[in-house]
Amino acid sequence: MSPSSQELSNADAAPGRGLIWVLFAALVVLWLGTLGWRDLVPTDEGRYAEIPREMVVSGDWVTPRLDGFKYFEKPPLQYWATAAVYEVFGFGEWQARLWTGLTGLFSVLFTGWAGARLFNRRTGVFAAGVLASMFYWNAMSHINTLDMGTAATMSASLMAFLLAQRPDASRTQTRWWMWATWAFMALAMLSKGLIGILLPGAVLVLYTLIYRDWKLWTRLYIVSGLLIFLAIAAPWFIWVQVRNPEFFDYFFIYQQFTRFLTDKLHRPGAWWYFFPILILGVLPWLGSLVPALWRGALQPAQRGAAFGDARGRTLHAQGMLVIWAVFIFAFFSISKSKLPSYILPIFPALALLIADYLDRARSGALRWQFGLLALLGLAGVIGLTQMHRLGNATTPGALYQQFGWWLEGTAALALLGGLLAWRWEARGRRTAAVLGVSVAMTLGFSLGIQQFQILGRTASTKDVVAAIRPWIHPGQPFYAVGTYDQTLPFYLDRTVTLVQYQGELHFGITQQPDLWVPTYADFARRWSEDRQPLALMPPSTLPALQALHMPMTVIYRAPRFVVIAKPGQDYGAAAQAAAARLPAAWNEGPSLTPPILPAGATQ
C-alpha cells in the first residue's frame, strides 16, 4: 500500500540503494563486532553458554544439562546453535552470544524487507532503522538469553504470514510464505515452547473475529503446514521424552502452564510491570509509539485485484500488527510469572507500525517527536552525572560513574540526533531525519551498552577464575558452597559440585541426587578426604565452615566470593609462587591456615 498523493508530495525520496548497502555493511560490523566485548554475567548469560558447552563435551545433544544436572526448562534450539558454533570456533564470549546477535540482526533485516513489500521501500528502510535503534532490541541482541531467538522466530512467522496474505501475492507465493510461517512457528517452539504456536494462533483468531475475514482460513495451508511444523518441532520432544520419562510433566505442565498460572516461580509483577520496559525499550521512538498504534488500528484494508489469485482478498496489515503487539503485551501482563524480556516479540511489529507512521505523517508533523528526543537526551546528559549514587558494597560508585560517562555519550548522540532531525523535518527532509536518528542511536546504544563491562566484571567469575588459575588442576574436586554462579562452570571449563544449594537445579538434583552435597557437614567430611580441592562461596558462608573446624586457606577474597584451598596439599610451583602474594590478613582467624610458602618467600 502506498501513501496518498498528498502525503507523497510532502515526503522526500527514499534512500538510494548505494546508501542502503553502506548502512547495511556498517550495521553488520557494529552489530556482530561487539559481541565479545563483555564478560558473561549471571544468570542467563552463564547458563545459556554453559549448557551448549556441556553438550559439546558430553556428546549428548538430546538431554540438556546444566552443571551436569538434567535441565528441562527450555527446548534446545539455541543450545544446538551455540554448540555448533563452539564446535567450529571454540568456547568464548562472542561464540556464546553469536546466535542471539544473528537472530536480532536477522529480524532487523527481515522486518525491513517485509516492510518494503507490504508498504513501500522507504517504509522498509525506516522499519529496519527503527528496530536496530530501539534500545531494548539492540541491547537484547547482545545479551545471551533465549528470548531474542524466540522473539526473532515468532516475529518472522508474523512477517511471513503478512507476506503470504498480501493482496498482490500469487497462489504460489502464498503457499511458500505460509509454509515459511509454519516453519518459523516450529522454530519458535523449539526456542521457548508452546508460546511459539499458541500466541500467533491466538492473534490470528482475534484478527479473524475483529475483521470478519473468514476466507483467510482457506489460505493457511493447514494440513501441509502442520506436517512441516511437526517435522521440525516434534522429533526432539519425542526423543527427549523417550530418554527421560520425567520430561513431559516438568516441561509441559510445570514450566509451560504452572509458570503462567501461578507465582510458584517467584517472579511476580503488577499489571503495569511491562509499561516502563516498553517506554524505555522503544527509545528513541517513544513519541511515535501511540500515534503509530492509533493510526495503524484505523488504517483501511489493502485490497486485491478483482481477478486472478488475489480476487476479493483483503489484508488489514497494520491491524494485524496492532493486534499482535497489544495481545502479546496483555498476555504477559496478566501472567503470574514475569520477566522483562517476555514482551520482546512485540518490538518488530512496533517497528513496522512506527515506520509506516513515519513514512505517512504529514510534513513537519514529527518535529515535536524529534524535539522530545532532544529533551530526553539533554536530561540524560545531566542526570547520568549522578550514576555514582548507585554504588554499593559489591560495585563501587566510581565504577557506576565510569559507566555513566559512556552513557553520557549515548545521551549526547540523542540530543544531537534529535536537534538535527528536528531541523531536517522542518525543511521537509524526512528521510534524512529518520535515518539520522536511527544511525545516531544504533551507534550510541551499541557502544554504550557494551561498556556495561565496567560493571559486569564485578558480576562475572571470569576474574575469579583468572586469579585462582595457579591452583587449578584437571580432575580436582571443585565445590560451589551455598551458592551457584552460572558463569563459573563456563570459565572453569568444567562442572562444579554444589554444596547445600539447589536453586534452579532443584529438579535436576531430585533426578541425580548423587551429584550434590546436601549439607555443610557432609562437605566437611568430603573435604577432609579430597586431594587438591577448591571451593568457592559467598563471604557470609565462611564462618559456618570455620565453626566445623575445616582446615582451609583463603586464596581469593572479594565482596562477592571467597575461594579456599586445603592446607598441606601440593598445588604446584605456580600456586606456591602465587601464594606469596596473598595478603596475610586473609588467613587470620579460626581454621584458617596461611599458605606454605617457598623457602625465602614472605607475604
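Entry 1, ground rules. I number residues from 1 along each chain as its sequence is written, and side-chain values use heavy atoms, with hydrogens and water left out. The model is predicted, with local features needing pLDDT of at least 70 and side-chain atom pairs counting only at pLDDT 80 or more, while totals for chains, interfaces and linings use all residues.

I found G269 in the loop between helix 12 (247-261) and helix 13 (274-281). Helices here are DSSP runs of H or I, at least four residues, numbered from the N terminus. G269 counts as partly exposed because its relative accessibility is 29%; the class lies between buried (under 20%) and exposed (over 50%), with a 1.4 Å probe and protein chains only. I also looked up K336, which is 67 residues from G269 along the chain, with 7.3 Å between the C-alpha atoms.

The axes of helix 14 (residues 286-298) and helix 17 (residues 367-383) come within 8 Å and cross at roughly 145°. Axes are lines fitted to C-alpha atoms over the stretch in contact, and angles run from 0 to 180 degrees between N-to-C directions. G287, S288 and P291 of helix 14 meet W368, Q369 and L372 of helix 17, contact being heavy atoms within 4.5 Å.

I took a nonpolar core as a set of buried Ala, Val, Leu, Ile, Met, Phe, Trp, Tyr and Cys residues joined through side-chain atoms within 4.5 Å. The largest has 105 residues, of which M134, W137 and F347 touch the most other members. Helix 8 (residues 146-165) gives the most to this core, 11 residues. Another core, apart from it, has 61 residues, including L66 and Y520.

Methods:
Helices (H or I, at least four residues) and strands (E, at least two) are DSSP runs, numbered from the N terminus.
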